[in-house]
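User: Please take me through the strands, the helices and the pocket of this model, with the criteria behind each term.

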Amino acid sequence: MSGKPVTPLLTVDLIITLVDGPKGIVLIERKHPPHGWALPGGFVDVGESVAQAAVREAKEETSLDVNLDEQFFAYSDPARDPRGATCSIVFLAHASGQPRAADDAKNVQVFPLDALPPLAFDHKQILDDYRRYREAGERPPPWR
């Protein structure tokens, strides 16, 4: 093998619930393409763990200091991001306070799981999996 290997970029996404606010999950409206509503998240920087990246991205995009509850699942479908191949580690988290849009977020809002807007990337699949996990305790299959 010659040259630098080409591999998917590592990202994180968060499903954030508020302990002292409206019931639902925090979504951001993306400021940059691909536009639309999405889970807060982004790319992992060199030198940080995926957990550190998740906390940083949540703060940058929602102004919330989150507490990570668990690693939910890793999503790696090569078509999940129109910009190129990524692998996203999704975290479940909670926070207190009022989310405010910042950094790459044009807007931030809390949505009930049964009233979600159209979502970017594969975030509809992620939230469908999360709903099934909350209702039946079932995680996505490992081949997803």
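Analyst: Two strands count as paired if DSSP finds at least two bridges between them, and the elements themselves are DSSP runs numbered from the N terminus, namely helices (H or I, at least four residues) and strands (E, at least two). This is a predicted model, in which local features need pLDDT of at least 70 and side-chain atom pairs count only at pLDDT 80 or more, whereas totals for chains, interfaces and linings use all residues. Residues are numbered from 1 along each chain as its sequence is written, and side-chain values use heavy atoms, with hydrogens and water left out.

User: Which residue of E6 is the bridge partner of Leu 9?
Analyst: E1 and strand E6 (residues 86-95) run parallel and are joined by ten bridges. Within this pairing Val 12 stands opposite Ile 89 in E6. For Leu 9, the bridge partner in E6 is Thr 86.

User: In what order do the four strands of the open sheet with mixed pairing lie?
Analyst: In general, strands of a sheet pair through backbone hydrogen bonds, either parallel or antiparallel. Here E1 and E6 run parallel, whereas E5 and E6 run antiparallel and are joined by seven bridges, with Gln 71 standing opposite Phe 91 in E6. The four strands form an open sheet with mixed pairing, in the order E4-E1-E6-E5. The edge strands, each pairing on one side only, are E4 and strand E5 (67-75).

User: What angle does the direction of H1 make with that of E1?
Analyst: Axes are lines fitted to C-alpha atoms, for helices over the stretch in contact, and angles run from 0 to 180 degrees between N-to-C directions; contact means heavy atoms within 4.5 Å. H1 packs on the sheet and touches E1, E4, E5 and E6, while helix H2 (residues 123-136) lies across E1, E5 and E6 and runs at about 120 degrees to E5. The direction of H1 makes with that of E1 an angle of about 60 degrees.

User: Why is E6 described as largely enclosed by the rest of the structure?
Analyst: Relative accessible area, taken with a 1.4 Å probe and protein chains only, sets the classes: buried is under 20%, exposed is over 50%, and partly exposed is in between. E6 is largely enclosed by the rest of the structure because the buried residues among its ten number eight.

User: What is the volume of the largest pocket?
Analyst: On a 1 Å grid over the protein atoms alone, a cavity is a set of points where a 1.4 Å probe fits but cannot get out, and a pocket is an open set with protein on both sides within 12 Å along at least five of seven lines, its lining residues having an atom within 4 Å of a point. Grid points are joined across faces, edges and corners, and a volume is the space filled by probe spheres set on the points. By these criteria the largest pocket is lined by 21 residues, of which Arg 30, Gly 41, Gly 42, Phe 43 and Arg 83 lie nearest its centre. Its volume is about 260 Å³.

User: Which peptide bond is cis, with omega near -5 degrees?
Analyst: Pro 34 has its place in the loop between E2 and E3. The cis bond is the one from Pro 33 to Pro 34.

User: In which loop does Asp 103 lie?
Analyst: Asp 103 has a phi near 55 degrees, a positive value in a residue other than glycine, and counts as partly exposed at 40% relative accessibility. Its place is the loop between E6 and E7.
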